[in-house]
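Student: Please put up the sequence and the structure, and then let us go through them by question and answer.

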Amino acid sequence: MNKLSDLVSRISAALASVFTFVALYAIFIVVPPEQKMGIIQKIFYFHVPAAWISFLSFGVVFVASILYLWKQEERYDQLAHASGEIGLVFCTLVLITGPIWGRPVWGVWWTWDSRLTTTLVLWLIYVAYLMVRAYGGNRGPRYGAVLGIVGFLDVPIVYFSIRWWRTIHPPPVTLAPSMVVTLLISLVAFTLLYLCLLLQRVAQERMKDEIDWLKRQER
Amino acid sequence: MGFLIQLRVLLWKDLLSELRGKELISMMAFFGLLVLVIFNFAFEPGSAEAAHLGSGILWVAFTFAGVLGLNRSFLLEKESEGLQGLLLSPVDRGVLYLGKLGGNFLFMLLVEALILPFFALFFNLDLWLLLPQLALVAILSTLGFTAVGTLFAAMSAQAKSRELLLPTLLLPIVVPVIVAAVKSTGQILEGRPLAEVAQWLKLLLAFDLLYLVVSFLIFEYVVEE
């Protein structure tokens, strides 16, 4: 792990923990519960940032995949791989927190609404992404890059196709100022956490490649 | 002009090998037929529900048959070292892609044409007058499906778990194509005018163009050693 990314990783870890505490305080102590939905609405402060992080990380996969195919350098592949894994974790969180909110508010755990369905399809695409990486043999990284590009371009088309199909997800609403601030703090905390996880995961991948290389040298 | 001649030769190679054996198309069509039959056990035949579900079932049959065909398309090349020969020939990788795509597209369209009469028979539908509209939807959807499918088939043919890998990769990506195809086919079967379906056709066209260009550009990274 080079010095700069180590330093950034440590700083982002420290800042992420600070912001997480502030966010938790704001969410559970400061900000008032929503009028109609009550306490369950607070899951929104986790749901939205998790969705943002999954989009961000799949965007990073997209860019890193293009760079990998173009320049054929390992580091872009390591970045794409790390970001894809983290993105899938946060996408899973979105799919878990959504139904927990939906059950009391809509009365059902799941509904085939456009954003839910799009997120589910997104989740399936990136499960496939990690699968092709794992089972593609020594071409795994390259095939992963292809799926990282094709999959990300698919997101807007999936969204529109399913929106025309049907939709009931609440549209973006105007929030009280204290709610906006809480959401922003939560977004910052999640983004810092993402940065920290990403750098750690990339460093781990790099170390793994280095060990593989050393093993081959010994033979 | 060299480009068109190359494309014709590549396409003719696939068509000829299929014409000699007819293995792929007959198996795909038979499999599609089986899907139609098996789905009929899921509900009361001839009910209003059946008519409503018809377009979905039809496209499940087309999709599964299509995956079956795509799985074979690079396997034959792989078994007989044909792919290596193609890569050694002085042909642009993009043209290679278009050649394979052309074959897959035509095979799948032919299979759809073979399955459709059975669909009309099983569901008691009179499709004669709707044929032009249905053909348009089928062509646009099949083009999008095979545009991505050909790219992924080239990938999965070189992996260990190939038969499993292709549907795993392809089906999530082609969700918009399937949604659009099912919806527009449903609307056409209900006798709605083509103008109402236009929005879906535009979506299909956008998907087709995007993935034709992207696959054309990426294909070389998939087949190259």
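This is a predicted model: local features need pLDDT of at least 70, side-chain atom pairs count only at pLDDT 80 or more; totals for chains, interfaces and linings use all residues.

Tutor: Residues are numbered from 1 along each chain as its sequence is written, chains are lettered from A and ligands numbered from 1 in the order in which they are written, and side-chain values use heavy atoms, with hydrogens and water left out.

Student: How many residues does chain B give to the contact with chain A?

Tutor: Contact means heavy atoms within 4.5 Å. Chain A gives 26 residues, and chain B gives 31 residues.

Student: How many salt bridges cross the interface of chain A and chain B?

Tutor: A salt bridge here is a side-chain nitrogen of Lys or Arg within 4 Å of a carboxyl oxygen of Asp or Glu. Over all chains the count is 12. Across the interface of chain A and chain B it is zero.

Student: Is Lys100(B), which forms a salt bridge with Asp14(B), buried or exposed?

Tutor: The closest N and O atoms of this pair are 3.1 Å apart. Lys100(B) lies in helix 6 (residues 93–122) of chain B and Asp14(B) in helix 1 (residues 2–21) of chain B, so the pair ties together parts 86 residues apart in sequence; helices are DSSP runs (H or I, at least four residues), numbered from the N terminus. Buried means under 20% relative accessible area, exposed over 50% and partly exposed in between (1.4 Å probe, protein chains only). At 6% relative accessibility, Lys100(B) is buried.

Methods: Helices (H or I, at least four residues) and strands (E, at least two) are DSSP runs, numbered from the N terminus.
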